Amino acid sequence: MKVPIASPVMTEKMIEAAANALRNERLTLGESVFKFEEAFARMCGSKYAIAVNSGTAALQLALQAHGIKAGDRVVTPAMSFVATTNAFVPFGVAPGFADVLEKDYTLDPAKLKAAVDNKTKAVIPVHLYGHVAAMDEINDIAKKNNFVVVEDAAQAHGAVYKGRKAGNLAHAGCFSFYPTKNMHVGGDGGMITTNDDKVVDVCTRMRHCGRKKGSNYEHDIIGYTYRLNSANAAVGLEQLKMLPEWNEKRRAAAKQYDQMLKGVGDLVLPPGPTKDVSPVYHLYTLRTKRRYELKAFLEGKGVGVGLNYELPIHLQPIYKEMFGFKEGMLPITEKCCKEVIAIPMFADITQEQISYVVDCVKEFYSK
Ligand SMILES: Cc1ncc(COP(=O)(O)O)c(C=O)c1O
């Protein structure tokens, strides 16, 4: 049996929706884009959503729309995909890192507090693997220090924190629709969510080359070509309809993995639901001191695995070179990044596939 690490869905209905958009709409910023924005905002419970062409673009525009500029510093966790900081380093903003909580791999509020300096103008908590960060504590620190909070919800479409959805818990939320995410758009795409009219105005102009509102050839801000294509938005609309069901299926699969893998070898299971957080398991990530051995064993059995993230951002070669970051800066992050290994997780994973993966893991530990 072969079990992939992820399995993006593309139904005939989604293909037909894309084809219809290609036949009948403007190819970019067509009707489907606006419908997708409305529906996505509704899902998050936020007033607005602005569609863009990647999650990285979403983070960049959300920060710039809040006035973050060259010379400022933005604090993030380093246990994340590199895009979290790639979103602002190219425009001259310095990354400041704070360590994560070992229990759920999200930003540790106490470490955030200690990492703030007078150049810090924003923080990006990352809802890693679909588990929402401690937003109340983070928002509190931000309020006291007068900085902006932009959620990196690229892995947390539909995740819940204290009854509210990820993306509607701070100044802005940013999502990715990269194909392996909990929902996608049949290619690259992203979304910014916000309740702030000014942020909507700036982001919609910035994604469209900085055009002045209502004008085609006048540009009053520096902008980018970050529009979402209409065919992608049409796929996104169909995917969004499936998101609640898909997230429930991921939760059910995670529950089964939890039950079947509890106490096996030296495995540390992922953070489960808490009284505050209902996660959406973008990834099901274990920890073990034997991850390279386990990886080789599982791959030999046809089971896909991921090392998300083998290198924390501060230890990526380009970040070490540019900023002089060194090992030892973020002990919890570094320890966890040495041990994490993701096993197959997707909405349509079958009972047989789950049992097969678990049997393979158990076989590894029985040797
Ligand atoms: C945590 C996180 N942040 C940001 C991004 C960037 O999204 P994109 O790849 O759509 O630019 C991703 C996904 O790739 C991600 O996982």
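A salt bridge here is a side-chain nitrogen of Lys or Arg within 4 Å of a carboxyl oxygen of Asp or Glu. By this rule the structure has 31 salt bridges.

The model is predicted: local features need pLDDT of at least 70, side-chain atom pairs count only at pLDDT 80 or more, and totals for chains, interfaces and linings use all residues. Residues are numbered from 1 along each chain as its sequence is written, and side-chain values use heavy atoms, with hydrogens and water left out.

**Exercise 1. Examine the salt bridge of Glu-38 and Arg-42.**

Step 1. Find the two side chains. They meet in a salt bridge at 4.0 Å, N to O.
Step 2. Side chains of opposite charge can pair when their charged atoms come close.
Step 3. Helices (H or I, at least four residues) and strands (E, at least two) are DSSP runs, numbered from the N terminus.

**Exercise 2. Describe how domain 1 and domain 2 meet.**

Step 1. Domain 1 is 12-99 + 106-238, and domain 2 is 244-366.
Step 2. Locate the centres. The C-alpha centres of the two domains lie 25 Å apart.
Step 3. Count contacts, meaning heavy atoms within 4.5 Å. In domain 1, 33 residues touch 34 residues of domain 2.
Step 4. Give the area. Buried area is the accessible area (1.4 Å probe) that two parts lose on being put together, summed over both. The two domains bury about 2700 Å², 64% of it on carbon and sulfur atoms. On the side of domain 1, Asp-99, Tyr-129 and Asn-182 lose the most area to domain 2, together 27% of what that side buries.
Step 5. Between the domains, 15 residue pairs are in polar contact, both residues at pLDDT 80 or more.
Step 6. Name the elements. Helix H4 (83-86), strand E3 (94-97) and strand E6 (160-161) each give two or more residues to the side of domain 1 that touches domain 2.

**Exercise 3. Trace the strand pairing around E6 and E4.**

Step 1. Apply the rule: two strands pair if DSSP finds at least two bridges between them.
Step 2. Order the open sheet. Its three strands run E7-E6-E10, with antiparallel pairing.
Step 3. Find the edges. Strand E7 (164-165) and strand E10 (277-278) each have a single partner strand, so one side of each lacks a neighbour in the sheet.
Step 4. Check E6 and E7. Two bridges join them, and Val-160 stands opposite Lys-165 in E7.
Step 5. Turn to E4. Strand E2 (residues 73-76) and strand E4 (residues 120-123) pair in parallel over three bridges. Val-75 stands opposite Val-123 in E4.
Step 6. Continue to strand E5 (residues 148-152), which runs parallel to E4 over two bridges. In E5, Val-149 is the bridge partner of Val-123.

**Exercise 4. Inspect the backbone at Tyr-309 and Tyr-129.**

Step 1. Most residues other than glycine have a negative phi, and most peptide bonds are trans.
Step 2. Take Tyr-309. The peptide bond from Asn-308 to Tyr-309 is cis, with omega near 10°. Tyr-309 sits in the loop between helix H9 (291-300) and helix H10 (317-323).
Step 3. Take Tyr-129. Its phi is positive, about 60°, although Tyr-129 is not a glycine. Tyr-129 lies in the loop between E4 and helix H6 (135-145).

Methods
Domain bounds come from an automatic or database domain assignment. A polar contact is a pair of N or O atoms within 3.5 Å; within protein, one must be able to donate a hydrogen and the other to accept it, and residues adjacent in sequence count only if both atoms are side-chain atoms.
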